[in-house]
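Please look over the structure below.

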Amino acid sequence: MADPGIPVASNGTHIICKRCNVETATQLIRSEKVCSKCFCQYVTTKAIKRMETYRMRGSHKVVARKLLLPLSFGPCSTSLLHILDGHLQGQFDRMNRAAYELFVVHVDQYVDEKDRKSSETLLEKYKTRFPRHTYISIGLEEALNLESIDWKSLNLPNLSEEDAVKPATERLQKMIGSMPSPTSRTDILTTLLNRLLVDVGKKNECEGMLFGESTTRLAEKTLTETAKGRGFSLPWQVSDGNSPYGIAFNYPLRDLLKKELVTFSSLATPSLEDLIILQESSANISTSSKDTTIDDLMAQYFESVEKDYPSIVANVMKQRIAVYVVSRLKREQMASTDGEETKTRYHGWQEQSTKIVFYVMDAPDLSTAEG
Ligand SMILES: [Zn+2]
């Protein structure tokens, strides 16, 4: 399906693709009008380029490197699986061997029996569609058994003696439910999810993790983490390379916008549509709800901004720019409260986030500044 607002010329004639000069242009790559085929090639090439670290070495048959791919059933991780499946197929066709193998992990965040059943059925569909890989599904409550987590540092509420002996899924629900704010709930869920993935990866001798996060998602994360005063964890949370957990983190879709990946997943053949679960767009999240988190607001903000200002989204990923934007927001907030108690409420963030676009536009001057 074509992105609205592109390609047909004002006189109704078709526009020819700027890349192949053959097909009709139906898509946009930033401002370039291209055909669907060239668009898909662009997305695929961007992702594969990021897999250079795991390229084939030498001509002898060596053991393929094992990489964990967290699969959420969303358009980004599904597109990544589709792209890498094609990449591996290409290697087998040419050389009868592959540089790496995929260990696909779905973490079930729902504790309801019915929800678990339907995600199991969906995972079966993935296995049928991409049979070359190994798949496992694991419940998020398994994270409660991790010894590698410093539970004290997470400031989790203590469970009553009665609750402490309940099944893991119930304990997880209790624990999450008793967190003081929606932001702290999102935080703890993300922490448990990532630590569980790391644990599964290490137990299964995976050398690295391939996250399906887009430029848009990484920009969101950069600003959110900086705002929460955790910019120190950004190097491994948004860039490729070693993490402190003894396993490499990689983001092969880091040069692609979320909307480009959504379009890509709708163009893939055979279709990926019966595999993907589309979350309700974060643009629909009620801004007045006290259940809205900083993460929701950032997601909502970046989804709206990537339509018109893709370069801004890419710029925020630079940590120095994120720090600049956040410190400017904080300074302004201090000044405006004029001695009153500083309030960082969730909807305050929404109002402030509209300013981010201007601050980021200002920020490129920083590239020559010291420090
Ligand atoms: Zn073309």
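The report starts with the model, then takes the sheet and the helices.

This is a predicted model: local features need pLDDT of at least 70, side-chain atom pairs count only at pLDDT 80 or more, and totals for chains, interfaces and linings use all residues. Residues are numbered from 1 along each chain as its sequence is written.

Helices (H or I, at least four residues) and strands (E, at least two) are DSSP runs, numbered from the N terminus. Two strands pair if DSSP finds at least two bridges between them. An open sheet holds 6 strands, ordered β5-β4-β3-β6-β8-β7, with mixed pairing. Its edge strands are β5 (134-139) and β7 (241-242), each pairing on one side only.

Strand β4 (residues 100-108) runs parallel to β5, joined by 6 bridges. Strand β3 (residues 65-70) also pairs with β4 in the parallel sense, over 6 bridges. Some bridge partners follow.

| Residue | Bridge partner |
|---|---|
| Arg 65 | Tyr 100 in β4 |
| Val 104 | Tyr 135 in β5 |
| Asp 108 | Gly 139 in β5 |

The chain crosses from β4 through α3 to β5, and this β-α-β crossover is right-handed (clockwise from the first strand over the helix to the second, with the strands pointing away from the viewer). β3, α2 and β4 also make a right-handed β-α-β unit.

Of the 9 residues of β4, 7 are buried, so the strand is largely enclosed by the rest of the structure (buried: 20 or more other C-beta atoms within 10 Å of a residue's own, with C-beta atoms placed from the backbone).

Conventions
A residue is buried if 20 or more other C-beta atoms lie within 10 Å of its own, exposed if 12 or fewer, and partly exposed in between; C-beta atoms are placed from the backbone.
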